[in-house]
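Keep the 3D view open as you read.

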Amino acid sequence: MNNLPQHVAIIMDGNGRWAKEQGLNRTAGHEEGAKTVREITTHANNLGIKYLTLYAFSTENWKRPKLEVEFLMKLLERYLKNELPIYLENGVKFKAIGDLSKFSKSLQKVISETQEKTKNAKGLTQILALNYGSRDEITRAVKKLVDKKLEVSQENIESCLDTAGIPDVDMLIRTSGEIRISNYLLWQCAYAEMFFTKIYWPEFSKNEFDDLLSDFTNRERRFGSV
């Protein structure tokens, strides 16, 4: 496929509903969803996509049942430890965005170590949005702008965002049939092509991904011009 997107962002939705339809606990859906993360990350890297940003835990997700949140934190820590050899083997760079200060010291350490150990990778950059909300990100960016006494400009605001140095999103995908962007990368998705599929995230395959990428390559992106 020609003209592949440089930066793909995905809202990984439907883990809980998938599990419910299988007669399983919601946690089983999150476990299965983690497997999909590996498959799609590896496939995107093999295709030559440069950035893949995944909405893993939002600022609003703290409202979920306490046991589910605790499970997600443990799953994330276990996922990063298990994925490190995969990152290194495939030349994938890991980065986290969001307000990480709310996480346990143990999880923060694993995130930091994973970023450090993969920082020289030359392949795809996998970005996990963790305790992330776009309004929160923009608010924090404005505070940085004020603290640094920078002039208010698009360039300076972008330099204070969590995604500083990363190109805007070309393609946004949301699974599970919901048609909204849920406070996700509002600044970065200004000109993103959007795709919504009814498939739940645990069932989202590289074949489905390829179909959406093929659709993307056939779209004409004018960025406001004629």
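**Helices, cores and a buried tyrosine**

Helix 3 passes helix 4 in a left-handed crossing, where left-handed means that the near helix is turned anticlockwise from the far one by less than a right angle, and right-handed that it is turned clockwise. Helices (H or I, at least four residues) and strands (E, at least two) are DSSP runs, numbered from the N terminus. Before going on, please note that this is a predicted model, in which local features need pLDDT of at least 70 and side-chain atom pairs count only at pLDDT 80 or more, while totals for chains, interfaces and linings use all residues. Residues are numbered from 1 along each chain as its sequence is written, and side-chain values use heavy atoms, with hydrogens and water left out.

Helix 4 covers residues 105-117, and its axis runs 10 Å from that of helix 3 at an angle of about 15°. Helix 3 is therefore roughly parallel to helix 4 (angles under 35 degrees count as roughly parallel, over 145 as roughly antiparallel, 65 to 115 as roughly perpendicular and the rest as oblique). Among the residues of helix 3 that meet helix 4 are Leu76, Leu80 and Leu84, and their partners in helix 4 include Leu107, Val110 and Ile111.

Now turn to helix 2 (residues 26-47) and helix 7 (residues 206-217), whose axes come within 10 Å and cross at roughly 45°. These two helices are therefore oblique to each other, and their crossing is right-handed. On the helix 2 side, Glu39, Ile40, His43, Ala44 and Leu47 meet Lys206, Phe209, Asp210 and Leu213 of helix 7; contact means heavy atoms within 4.5 Å.

Phe209 also leads us inside. The largest nonpolar core has 37 residues, and Phe209 is one of those with the most contacts inside it, along with Ile10, Leu80 and Ile173. Such a core is a set of buried Ala, Val, Leu, Ile, Met, Phe, Trp, Tyr and Cys residues joined through side-chain atoms within 4.5 Å. Buried means under 20% relative accessible area, exposed over 50%, and partly exposed in between (1.4 Å probe, protein chains only).

Finally, is Tyr184 buried or exposed? Tyr184 counts as buried because its relative accessibility is 0%. This residue lies in the loop between strand 5 (171-174) and strand 6 (193-196). Leaving aside neighbours within four places in sequence, the contacts of Tyr184 include Ala9, Ile10, Tyr55, Tyr132 and Cys189.

Technical notes. Axes fitted to C-alpha atoms, helices over the stretch in contact; angles between N-to-C directions.
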